[in-house]
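Welcome, and thanks for taking a look at this chain.

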Amino acid sequence: PRAQEIYDTRMPRLLSAFRGAGIPVIHIENGGYEHKYEAYSRTLDLTGETAGKLRRDRLPPPESDGVSDTLRAFRFDRVHPGTENAADITAACTERDVDDCVRPVGDELMVTDSDRLQAVCALYGVNHLIYVGFALNCCLLMSPGGMMQMSERGFLCSTVRECTTAVENDFTARDEWGKRIGLWHTALFYGFVYDQEDLEGALGGLNSNKETE
């Protein structure tokens, strides 16, 4: 319900404010559905990947062995995702997509990893990323294009208090302690935590100045 309320009332208003102020909106997706969007094709062209110019050197992954295989099987069964959840997750992933309110608009771009995000930021002249979406202490933090990787590359990484939730458990969900700690963690290590009203007010000022020029 918290995520749906953000999709229904918070995100459309904030994205509209960014777009109205001429601030680039970059979509980070790695759910396998990015290929259906023209925004992703434009990114591949602009970053030179279609011409083989974008280098993404990677060390080889660690080799598995009997012990690690056993630990991974135990983790899958008992921790995440849990054997009892596997069928539901598999069924849900066949229809994955983004909510209507956050789909690319106009000539906006979509990226799937930190290399593409950095390349797009270089095109726009961006050095400060403001993250909204889910979940603050998981995907926004650790996924490709997330705060951890982009901070290491020299970017300020901030968020908007009202436009994110966090992964919670049965002890933290009622008071959103996961989110509270995630906000503190963001402000301490990566960038700033903005209140939506303050940010929209500042963006509105930029939009007004833009209209009078």
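## Overall build

Among contacts in the protein chain with a separation of 6 or more, 76% join residues 24 or more positions apart (contact means heavy atoms within 4.5 Å). This is a predicted model, in which local features need pLDDT of at least 70 and side-chain atom pairs count only at pLDDT 80 or more, while totals for chains, interfaces and linings use all residues. Residues are numbered from 1 along each chain as its sequence is written, and side-chain values use heavy atoms, leaving out hydrogens and water.

The protein chain holds 9 helices and 5 strands, in the order α-β-α-α-α-β-α-β-α-α-β-α-β-α from the N terminus. Helices (H or I, at least four residues) and strands (E, at least two) are DSSP runs, numbered from the N terminus. Along the principal axes, the C-alpha atoms fill a box of roughly 65 × 50 × 35 Å.

## Burial

Of the 213 residues in the protein chain, 35% are buried, meaning under 20% relative accessible area with a 1.4 Å probe, protein chains only.

## The sheet and its helix

Let's turn to the open sheet, where 3 strands run in the order β3-β4-β5 with parallel pairing; two strands pair if DSSP finds at least two bridges between them. Its edge strands are β3 (128-133) and β5 (193-194), each pairing on one side only. Strand β4 (residues 156-164) meets β5 in the parallel sense over 2 bridges, and T159 stands opposite V193 in β5.

Helix α8 (residues 177-189) packs on this sheet and touches β4 and β5. The direction of α8 makes about 155° with that of β4, with axes fitted to C-alpha atoms, for helices over the stretch in contact, and angles running from 0 to 180 degrees between N-to-C directions.

How values were computed: Buried < 20%, exposed > 50% of the residue type's maximum accessible area, 1.4 Å probe, protein only.
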